[in-house]
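Subject: Structure handover

Hello,

Please find the structure below, with notes on what turned up in it.

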Amino acid sequence: MIGIIFDMDGVVYRGNQRIEGAKEAIEYLKEKGIPFVFLTNNSTRTPKMYREKLLSMGIDVPEERIVTSGLAARLYIKEHMEPGKVFVIGGKGLHEEMENLGWGTVSLEECREGKWKEIRHVVVGLDPELTYEKLKYGTLAIRNGASFIGTNPDTTYPAEEGLYPGAGAIIASLKASTDREPLIIGKPNEPACEVVKTKLGNVDEIWMVGDRLDTDIAFAKRFGMKALMVLTGVSTLNDVEKSEVKPDLVLPSIKGLLDYLKAVVE
């Protein structure tokens, strides 16, 4: 039995535009009973919010089939870290996940009142409303002994206009100001792998379908998965030629995956 992990940005859609073939590929997997999981390094939305985004594009996927780096961060922190207040630099989805952790969060307003000294964990993801002040209090808390957790290392992410700055760019700023290395949760790291393997269940072979060599393909190679790269996102054929990390198969888009799947399954 094959189990398939899909990245989302640059594989299933770009921004709010569905990529041709995405709906058909997912419908085929559902029809054939092939287990699949969506795994995104983007923490700005919760799985519920991603389900709604996919539905708006005509793709119907249960919430439990969607894993974000924010969800993976919450599960990892709860299992491996000492309880303590959290300061979040990130989007709405990451704020919700950290509130669901139940340890309490410290707001920007509370930081201004000096409560940044109570912060025990600084969790950093993609933040479309990033300010210098957020970086300042993140820096102060980490230098005061708080743990430094990054949702994912992606320095960019693909959108309609091109590549936008990603969580990795924000994390790099805090690394520079704190001289501390963060714990990174998302692809290509183990915490994300633990979550998706649990979701896929008992499968013989895992395929990772992604658009980035440094996260998706590196993740697949690191954990013994078949690495399928599509050319609708970040990495290009030119990047593949230069990279030490090589996909097992390069497809123009997710549309090509459907033909490949049919050839293997049928």
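In these notes, contact means heavy atoms within 4.5 Å. Helices (H or I, at least four residues) and strands (E, at least two) are DSSP runs, numbered from the N terminus. The model is predicted, so local features need pLDDT of at least 70 and side-chain atom pairs count only at pLDDT 80 or more, while totals for chains, interfaces and linings use all residues. Residues are numbered from 1 along each chain as its sequence is written, and side-chain values use heavy atoms, with hydrogens and water left out.

Helix α7

Helix α7 covers residues 167–178, which makes 12 residues. From first C-alpha to last it reaches 17 Å, close to the 16 Å expected (1.5 Å times one less than the number of residues). Ala 167, Gly 168, Ile 170, Ile 171, Leu 174 and Thr 178 of α7 are buried; buried means under 20% relative accessible area, exposed over 50%, and partly exposed in between, with a 1.4 Å probe and protein chains only. These residues lie on the same side of α7, because they cover an arc of only 160 degrees around the axis (taken from the directions from the helix axis to the C-beta atoms). Their cover includes β6 (85–89), β7 (119–124), α6 (132–143), β8 (147–150) and β11 (183–184). Just after the helix, Asp 179 has a positive phi of about 60 degrees.

Strands

Two strands pair if DSSP finds at least two bridges between them.

Strand β4 is largely enclosed by the rest of the structure, because five of its five residues are buried. In a regular strand the side chains alternate between the two faces of the sheet. In β4, Phe 36, Phe 38 and Thr 40 point one way, and Val 37 and Leu 39 point the other way. Strand β1 (residues 2–6) runs parallel to β4 and is joined to it by three bridges; Ile 5 has Val 37 in β4 as its bridge partner. β4 also pairs in the parallel sense with strand β5 (residues 66–68), again over three bridges, and there Thr 40 stands opposite Thr 68.

Nonpolar cores

A nonpolar core is a set of buried Ala, Val, Leu, Ile, Met, Phe, Trp, Tyr and Cys residues joined through side-chain atoms within 4.5 Å. The largest one has 35 residues, of which Ile 5, Ile 77, Met 98, Phe 219 and Met 225 touch the most other members. Two or more residues come from each of β4 (36–40), α3 (69–80), β6, α4 (92–101), α8, β12, α9 and β13 (226–230). Leaving aside residues up to four places away in sequence, the contacts of Phe 219 include Ile 5, Leu 39, Ala 192, Val 196, Met 208 and Met 225. A second, separate core of 31 residues includes Met 8, Tyr 13, Phe 36 and Val 61.

Salt bridges

Side chains of opposite charge can pair when their charged atoms come close. A salt bridge here is a side-chain nitrogen of Lys or Arg within 4 Å of a carboxyl oxygen of Asp or Glu, and the structure holds 15 of them.

- Arg 212 and Asp 154 meet at 3.7 Å, N to O. The pair links distant parts of the chain, 58 residues apart: Arg 212 is in the loop between β12 (205–210) and α9 (213–222), and Asp 154 is in the loop between β8 and β9 (156–159). Both residues are buried.
- Asp 216 and Lys 187 have their closest N and O atoms 2.7 Å apart. Asp 216 lies in helix α9 and Lys 187 in the loop between β11 and α8 (190–200), so the pair ties together parts that are 29 residues apart in sequence. Asp 216 is buried, at 1% relative accessible area, and Lys 187 is buried at 1%.
- Lys 221 and Asp 248 meet at 2.9 Å, N to O. Lys 221 is in helix α9 and Asp 248 in the loop between α10 (237–242) and β14 (249–251), 27 residues apart. Lys 221 is partly exposed at 39%, and Asp 248 is partly exposed at 42%.

Salt bridges that share partners also join Asp 7, Lys 187 and Asp 216 into one network.

Regards
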